[in-house]
Amino acid sequence: MYKGEIISEKDKDKDRLTGDLVLSNAAIIISDGCFENRTRITSVLIKGTETIGEGAFKNCTGMKSLYITSQTLKFVGKKAFEGSGLRDIYFNGTRAEFSKIQWEEFSGVTVTIHCTDQEFGATI
């Protein structure tokens with residue numbers, strides 16, 4: 001399991017990130033393309049993140065789940081999940097709270113969003 005440290009876009013060792021990616025409260029911004037092409041990441045848990053950058057998880061084909069444990073996420077950049085294997089988003093809040101997240105441009109990925117008060121399908 002990988003915790004905390006933000007990986008720069010210049011990191012060429014893509015295979016060192018495997019399994020569940022847990023980002024600490026210190027990871028306020030996930031930069032553009034930060035985890036792009038990390039095909040061995042299977043799930044991501046974000047705690048205090050406010051922004052997910054453009055293409056941040058692009059082509060993360062092994063990624064199946066995203067866990068958002070707080071209502072701090074405010075913005076998701078263009079095509080943040082394009083080409084990913086994302087299928088489920090688990091949000092620790094209501095559907096109304098989830099709808100407050102601003103999505104700059106959708107990635108065309110169809111997911112099931114699991115909120116505390118309901119579950120629904122969406123293309124993100």
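In which strand is Ser65 found? Select Ser65 to begin: this residue belongs to strand S6, residues 65-68. Helices (H or I, at least four residues) and strands (E, at least two) are DSSP runs, numbered from the N terminus.

The structure is a predicted model, in which local features need pLDDT of at least 70 and side-chain atom pairs count only at pLDDT 80 or more, while totals for chains, interfaces and linings use all residues. Residues are numbered from 1 along each chain as its sequence is written, and side-chain values use heavy atoms, with hydrogens and water left out.

**The whole chain**

The chain has one helix and eleven strands, and their order along the sequence is β-β-β-β-β-β-β-β-α-β-β-β. Of its 124 residues, 44% count as buried. Buried means under 20% relative accessible area, exposed over 50%, and partly exposed in between (1.4 Å probe, protein chains only). The chain exposes about 6,100 Å², of which carbon and sulfur atoms supply 47%; accessible areas come from the Shrake-Rupley method with a 1.4 Å probe, and for residues only the protein chains shown count as cover.

**Around Ser65**

Return to Ser65, which is buried, with a relative accessible area of 13%. Now select its contacts, where contact means heavy atoms within 4.5 Å. Leaving aside residues up to four places away in sequence, Ser65 touches Thr42, Ser43, Val44, Leu86, Asp88 and Tyr90.

Strands S6 and S8 (residues 88-91) pair in the parallel sense over four bridges; two strands pair if DSSP finds at least two bridges between them. Continue to strand S10 (residues 110-114), which runs parallel to S8 and is joined to it by three bridges. Within S10, select Thr112, which stands opposite Asp88. When viewing such strands, recall that in a regular strand the side chains alternate between the two faces of the sheet.

**The cysteines**

Finally, select Cys60. Is this residue buried or exposed? Cys60 is buried, with a relative accessible area of 0%. Cys115 is also buried, at 12%.

How many disulfides does the structure hold? It holds zero disulfides, a disulfide being a pair of cysteine sulfur atoms within 2.5 Å. For Cys60, the closest cysteine sulfur is in Cys34, 9.7 Å from its own sulfur, which is too far for a bond.
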